[in-house]
Amino acid sequence: MNDVMHFSAGISVMEISYILASVLFILGLKMLSHPLTARRGNILAAIGMILAIAATILFHEKEGKPIGNIGWILGAMVIGTIIGWVIAKRVRMTAMPQLVSFFNGMGGAAAALISMMEFPHVSQELMMRSGMANGHVLAILLGLVIGSVSWAGSMIAFGKLDGKIGDLRIKALRYVNMTILAGIIGFIVYIMTRDVAASAELTHLIIILFVVSVLYGVLFVMPIGGADMPVVISLLNSFTGVAAAMGGFLYNNQAMLTGGILVGSAGTILTILMCRAMNRSLLNVIIGVFGGGGSAAEGAAGTIKEITVADAAVLLSYSKKVVVVPGYGLAVAQAQHICHELDKMLEEKGVEVKYAIHPVAGRMPGHMNVLLAEADVPYEQLVESDEINPDLPNTDVIVVIGANDVVNPAAEDDPSSPIYGMPIVRAREAKNIIVMKRGMGKGYAAIENLLFYNDKTRMLFGDAKSTLQALVSEVKAL
Amino acid sequence: MEGVLDFFMANRGMIYMVILSVFLGIEVISHVPAILHTPLMSGANAIHGVVIIGAIIVMGHAETTGAMILGFLAVILGTLNVVGGFVVTDRMLEMFKKKK
């Protein structure tokens, strides 16, 4: 190995920029995990990215040739920037999870495209020396497979969260998926053991591999639904990280490698943390078919008791302690602002109001916090479910707004329920329970909720926003 | 097999980096409070947009029209990932900051 290489000044500047970019990525991620520094962390990581991109365009060389087609590259970047910026700025806060999924898919697709284009260009010298079974080919094939799976899966997740695609819950699908996965691995081995001379003809095999990977991505996400969706997005996020890192191997590019691997490992940990919050194993999420009613819950239903807006207003105004449990229904109805108005009004009357935030309420962990922050609800009023549970027996009224699975007692009582074992907000321990719901439909996980039939529960049917508005005016009139 | 070993020897440095980055990623993330899960996922999502560098390299050395088209597409998608990811994360975090 010749360790003495001839560097041009440009290459050195590029490599130094990559080191700086990697440091900025790490610092950025670190700061992103603390509430006070999070925003600066994001900006630091963005600066790192700009640095890495600029250094690549200005100084990258391949066999002595600088980057060409600069006009086209800048043009593509302008188009991507405008589209990305506009979508990111205009999307509603409730649609955030789909959006993350969408952008993640774009990254996956870019990684897959890179692999497809690089495949015919693996260095001939390397091929002559070691045949098809070399690291470059492996990095290309893995980049292609992981990138394609991530792209297809993210698009399906996007469609599902946006309500455009339904769940496909067929038990046999898991065997189909395992077969396809085995097929993909077999195919990689097949390509890598082919004769080098035939490498040019292998291009069509690459296309087959791409198609099969896309199919796998689709079928992998199709059966997953309900509360498991955020876990899948997080998992696909780390997939794209790994796909980007494969590009790093390919180009001997440290910025891609550290950035990709960092996201790959951090994303995996985040995925596991989320699974833990729901008391499910990752394997279960991936191969398990989620949803369907717990058998014991069926038929055990009692009677539903309703409450009028006026009565609810009185009940709330004369309480000492009120806890609000917000769910996705609140977000969909865009009712977070009016909800905050109600809580301010109650506080003026001397009622203590807290929000119980379940880690997976909404469609993504932390989603509720973002939405309530948007409505200016002070940080101190948000309490995590573990912390608020011991307090609930002393709570006069718990108001469940558009939440369902996160307060379902089946998670504690019914071992046959798909959500059994998931930590919940123990709403039934409060003295009174008011549930605001659009109708008697089941929650996202499609499980019957016995809380609604509880003796202490009163239902307040209707759209969350208009119901809350009515409540506000009633409380005002008192 | 020889190829794989070759690759290992030639890329030892990078393999070390991969291993260390894996531990670093785990360490950096492991104490994140649940409220930051969504912005963190989104921020990490933007960082893996670093794949755009690969797209730029491919595009910068593309010679055929086919490669040009695919490269152009890859750069657009990569940029979408980067710009969209960072902007959306910033928007989320902006809301946390609004305190009186």
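**Domains and confidence**

I first looked up the domain division of chain A, which consists of domain 1 (95-290) and domain 2 (295-477); the bounds come from an automatic or database domain assignment. The centres of domain 1 and domain 2 of chain A, taken over C-alpha atoms, are separated by 38 Å. I noted that this is a predicted model, in which local features need pLDDT of at least 70, side-chain atom pairs count only at pLDDT 80 or more, and totals for chains, interfaces and linings use all residues. Residues are numbered from 1 along each chain as its sequence is written, while chains are lettered from A and ligands numbered from 1 in the order in which they are written.

I then checked pLDDT, the predictor's confidence in each residue, from 0 to 100. Chain A has a mean pLDDT of 84, with 91% of its residues at 70 or more. Over residues 290-300 of chain A the pLDDT stays under 50. For this stretch the model has 37 contacts beyond four places in sequence, two residues being in contact if their C-beta atoms, placed from the backbone, lie within 7 Å.

**Chain A overall**

I recorded 18 helices and eight strands in chain A. Helices (H or I, at least four residues) and strands (E, at least two) are DSSP runs, numbered from the N terminus. Along the principal axes, the C-alpha atoms of chain A fill a box of roughly 85 × 50 × 35 Å. Of the 478 residues of chain A, 51% count as buried. A residue is buried if 20 or more other C-beta atoms lie within 10 Å of its own, exposed if 12 or fewer, and partly exposed in between, with C-beta atoms placed from the backbone. Among contacts in chain A with a separation of 6 or more, 80% come from residues 24 or more positions apart.

**The parallel sheet**

I traced an open sheet of six strands in chain A, with parallel pairing and the order 5-4-3-6-7-8; two strands pair if DSSP finds at least two bridges between them. Strand 5 (382-384) and strand 8 (457-461) of chain A are at the edges and have a single partner strand each, so one side of each has no neighbour in the sheet. From one strand to the next, the twist averages 25°.

I followed strand 6 of chain A in detail. Strand 3 (residues 321-326) and strand 6 (residues 397-401) of chain A run parallel and are joined by five bridges. I found V322(A) opposite V397(A), and V323(A) has I398(A) as its bridge partner. Strand 6 of chain A also pairs in the parallel sense with strand 7 (residues 432-437) of chain A, over five bridges; here V435(A) is the bridge partner of V400(A).

Five of the five residues of strand 6 of chain A are buried. V397(A), V399(A) and I401(A) point one way from the strand, and I398(A) and V400(A) the other way.

I also noted helix 14 (residues 336-348) of chain A, which lies across strand 3, strand 4 (352-357) and strand 6 of chain A. Helix 14 runs at about 175° to strand 3 of chain A; axes are lines fitted to C-alpha atoms, for helices over the stretch in contact, and angles run from 0 to 180 degrees between N-to-C directions.

**The interface with chain B**

I looked up the interface next: 97 residues of chain A are in contact with 82 residues of chain B. Helix 10 of chain A gives the most to the side of chain A that touches chain B, namely 18 residues. The residues of that side comprise 56 nonpolar, 32 polar and nine charged. Ala, Val, Leu, Ile, Met, Phe, Trp, Tyr, Cys and Pro count as nonpolar, Asp, Glu, Lys and Arg as charged, and the others, Gly among them, as polar.

Chain B is divided into domain 1 (1-31) and domain 2 (32-100), with 23 Å between their centres, taken over C-alpha atoms. I selected I29(B), found in helix 2 (residues 12-29) of chain B. I29(B) is buried, as 24 other C-beta atoms lie within 10 Å. Not counting residues up to four places away in sequence, I29(B) touches S33(A), A266(A), I269(A) and L270(A).

**Two asparagines with positive phi**

Most residues other than glycine have a negative phi. I therefore noted N69(A), with phi near 50°, in the loop between strand 2 (65-66) and helix 3 of chain A; N69(A) is buried because 21 other C-beta atoms lie within 10 Å. N252(A) has phi near 55° and lies in the loop between helix 9 and helix 10 of chain A. N252(A) is exposed, with 12 other C-beta atoms within 10 Å.
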